[in-house]
Amino acid sequence: LLPINLGGRVGGMRSAAQPIGSFALRNESQWEAPAPALQPVKLSRAELYKPPTNEELNQLKETEDLFHSSLLRLQIEELLKEVTLKETKKKKIDAFLHEINSLLSAIPETPETDITDQTWLPKGVKVPFLQVPFNVKGKFRFLPPDELSVVGSYLLGTCIKPEINVDVAVTMPREIFQDKDNLNQRYHRKRALYLAHIAQHLSKENLFGSVKFAYMNSNHLKPILLLRPQGKDEKLVTVRLHACPAPNFFKPSRFYPSKNNVRTAWFLEQSTPKEAAEPATPHYNNSILCDTVLLSHLHFLSSVSTDFPGMKDGLALLKVWLNQRQLSKGLGCFSGFLVSMLVAYLVVKRKIVKVMSGYQVLRNVLQFLATTDLCVTGISLAKDTDTCLVSSCLTAFVWLALITAVQFEAKCSMEILDDRMVDGFQALLMTSKPMLRTFDHVFHLKHVSKLQSACKKMELLNELMDRGGNYVAAALPFIISLLTRGLARRALLVAHSLPETPEWAIDAEPPKHKDVGSLMFGILFAPEFAASKLEKGPQADRPEATDFRTFWGEKSELRRFQDGTICEAVVWEASTICQKRLIPEQIVRHLLKLHADIPESSICYTGALLESALGTGEEDMVSVVCSYDDLSRKLWNLEGLPLTVTAVQGVHPALRYTDVFPPVPMKPIYSFHKQVKIRHLLLPSEEKPCPAYITPLKIICHMEGSGQWPQDKEAIKRIKAAFHLQLAELLHQQHQLICRPAVTHTDVYKDGYVFRLQVAYHREPLILKEVVTPEGMLKYQDTEESQRLELEILHQPHLTSSLHGLQQQHPAFGSTCRLAKRWISAQLLSDNISEECVDLLVASLFLHPAPFTPPSSPQVGFLRFLNLLATYDWRNSPLIVNLNADLTGKQEVHRPQLWESRSVRVLCPPLVNPGSRSLWAASGAAGLLNRKHTSQGLGTGLFSLQTVFRPPLDLYDVLIHLNSNQIPRHLESVDQPVKSFSRGVVKNSSGARILFPVVDYDPVQCYLQDLREAFGDLALFFYDKHGGEVIAVLWKPSSFQPQPFKVSNMKGRTVTTLNSELVCVPNIEAILEDFEVLGEGLVKRVEAHTEKWTV
């Protein structure tokens, strides 16, 4: 395969990369109509039992050896079909290229002028080059191109959808150039003028839908011309014209990395040349060198890909892999051309052989990237000096930080491919990895122009000359190096977004360096060191101490440590867990200000933006767990019980660190309540606002088994009630704790918290399952009562202990759960999706994070949670959470078949029996959590806290507004209330002799229960239990259907005539009036959105 002149037919192509993930993100309405069902093909007996061919045997063997399953192979084959350019499209592209060829050959010449004399250019076009400094020597004239050749992936058949780019090399005649055109941007400016003249003539043609300029990979030294066809085919293809020099005009020896081709005196516009040695300009040299070898690279790649179909498939998969990780576009990217040369290198080195499939090529390239440090061990295709020089241009514009990122991603990808429990296809090729969801902390450099002062502060004149004055490209490597050193132990990876310059009209000025927008930096943490307050340096008498003090500046100080050493050290201020997570922000701001002169106002750090919605609950939960542990010990050591306590297990979310607003120690104010001194308790007062909500912390207290336990379920309940009485009495006698026993539990007031003890007998669920048949046979079957008890005393405690262990492994787990549950509640869905369900959803992000690493900050965990809700196929498959690795790859996963079709479904193998209903499935009303709604929240996730958590109330039919003084959790609302009320408690844990406070009292929940009992057949009710001021009502679609006139149908309805028949229809006016009557004193007003519904 050789470069083909455009006078003949242009070569074909294969493959293309859709932003993978589009399959999952499309709404159902956007899916195409399903194809007709395929009919089975009738085969004769001879055909049916025909021995497999050698090719079929090889495919079976390869599938068995290389793929985890035949499904993976089928998925990859379908992906390749999806991204491959169809033959009909290739014919249209070929015709378009031939027309471009005829137009280019007809462009007239221009007279010779100085490069700086650009008056010959018409007003409708501007030179696509930043001409700073403006003055430069040399002459320029336009002559028609010597040759037009298609180069790159289109001709090789390796370009992929959706962006089909065809690269055309336009060879400029030798007569245009003079000696020393390699110096001081003379070649680059001639190249830009050449493209400007072509653009001016082509813009007059009706053939093109658009004619625009762009920078090749956002490198401002390399402008290119973009041509797109007219009409409906405008998005079909983009032809990119690359102007290149005449063959063999420049000697390769001029472009050694150690050579200088930009003079300091010219760059600084000084009249006298610099006497000192000129600095090397390797990046500038390579920008010219790459243009001289476009055809050479095509020859090389075509020879390697000959008789190697697997190379084309492998390159398509690798390009999809890079696109999903946002590594293939922008300045310094790991482009498709570069990955093609890397595959060719591995073929030459015999690490890839031509019999390999596309999947094998993908694996081998990822394995090479994962195990080879390209920053230390360079690679070369060299056989002689000039060839070495040519190959050196391949990675010249790739950032060092990007190579590190590619290596890190390759390591993670190989781990995914080797893990049989992970869907490697979905994780590697179908899931996009934007920086917001990949990195634990991100921050933006809002004012990119500040990097000019950074270059001056860091004395980067040589780098500026090498980069053609691009201060962004000059400063970024040094800033990444600075942050990598400052975050050495804390960060696994520090990376930045690739600067991308938008394309522009030919009559507009070229974009400036600052037009790349804000730069985003990402930090991926090592969890064990990320929150460390101490940065310990060398001992004071060591030579390295001076360097440490220089690096950290005034933050460095001498400190004596416990081992007696006196060392330089930096101690960061942080008192709470949230503040400790933000220590990297202090480091980033300090180092950038100290070394790069970047002010803090230019840095937008978004590491913990969302956590302000939660307050400092982490410390509160530590206090709760300490009090719980002490109570557990007291229960274990109680004397006088007829049966010993065998286990004490917590159930409340605070005991697994996932409670949104954990309880704080509280002591009631007696004057605020109505006192019942006989029973030593308090009641709410009608004249005062509703008292603060005190949540009971539920604890399951398992008693030992004994033959004296009765076998009758009613008798067991009475025995348990007796245990509750005795526990209260003994705790009061032996530990002076205030207790309030009840039939089903005992409330214990300890350290300002209320613990609710519930006695459990391990055989009680089995006894509740006993059923006597009419024949007198005893059999066991699940009942609603037995399932509820099993959930309370077995599954919930087991879940709490498992998630408590997960919190110890991943410190960000608890806060991520709290953010997720706060968001679910803010969307008025907390009554439809259980807390356990949300906890398990979040747990899946930590246990099965592929293709990401487990979150180390609550914010990134929350963003991944929103993305999971928005993209997972809840309708067709449950989410399996493999807690404690109970499920292995060889085990069959039994998926329950009894879930609601529109619910969020979570399956946790150790907690669900095969064939049973999921314990943690959300109710059918959770279908309101639609993908569009969730994606909107995700899109605004980092910039508007209120927008993320505030629900869209226009979706509902009726809004019931509540009086804020009767909302006990009013201070927990998303929007901080303008005024607050005294709630009759003080934050205090002292005092042994007090009256028992009001526990678990929330008037809004009582009102909601009444509404659902009275009108549950007509409407759905939604409420934010964390201080919401509105109850949203949604009429059920069936509620407005006329019903036959019967007494049983008259609830909430009135009689009317329809087609001369008496029918019942909802009496909306009366129902709305009942809403107010039922909530008298609590309801402020009822607002009906009558435009949304009619009777």
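Student: Leaving aside its neighbours within four places in sequence, which residues is Ile198 in contact with?

Tutor: This is a predicted model, in which local features need pLDDT of at least 70 and side-chain atom pairs count only at pLDDT 80 or more, while totals for chains, interfaces and linings use all residues. Residues are numbered from 1 along each chain as its sequence is written, and side-chain values use heavy atoms, with hydrogens and water left out. Once the neighbours within four places in sequence are set aside, Ile198 is in contact with Leu104, Ile107, Phe142, Val170, Leu225 and Leu241 (contact means heavy atoms within 4.5 Å). Ile198, Leu225 and Leu241, together with Leu451, are the residues with the most contacts inside the largest nonpolar core, which has 168 residues. Such a core is a set of buried Ala, Val, Leu, Ile, Met, Phe, Trp, Tyr and Cys residues joined through side-chain atoms within 4.5 Å, where buried means under 20% relative accessible area, computed with a 1.4 Å probe on protein chains only. The largest share of this core, 10 residues, comes from helix H20, residues 471-486 (helices are DSSP runs of H or I, at least four residues, and strands are runs of E, at least two, numbered from the N terminus). A second, separate core of 40 residues includes Ile833, Leu840, Leu866 and Leu869. In soluble globular proteins, nonpolar side chains tend to be buried together. Elsewhere, His970 lies in the loop between strand E28 (958-962) and strand E29 (985-986), and His970 is buried as well, with a relative accessible area of 3%.

Key. Buried means under 20% relative accessible area, exposed over 50%, partly exposed in between (1.4 Å probe, protein chains only).
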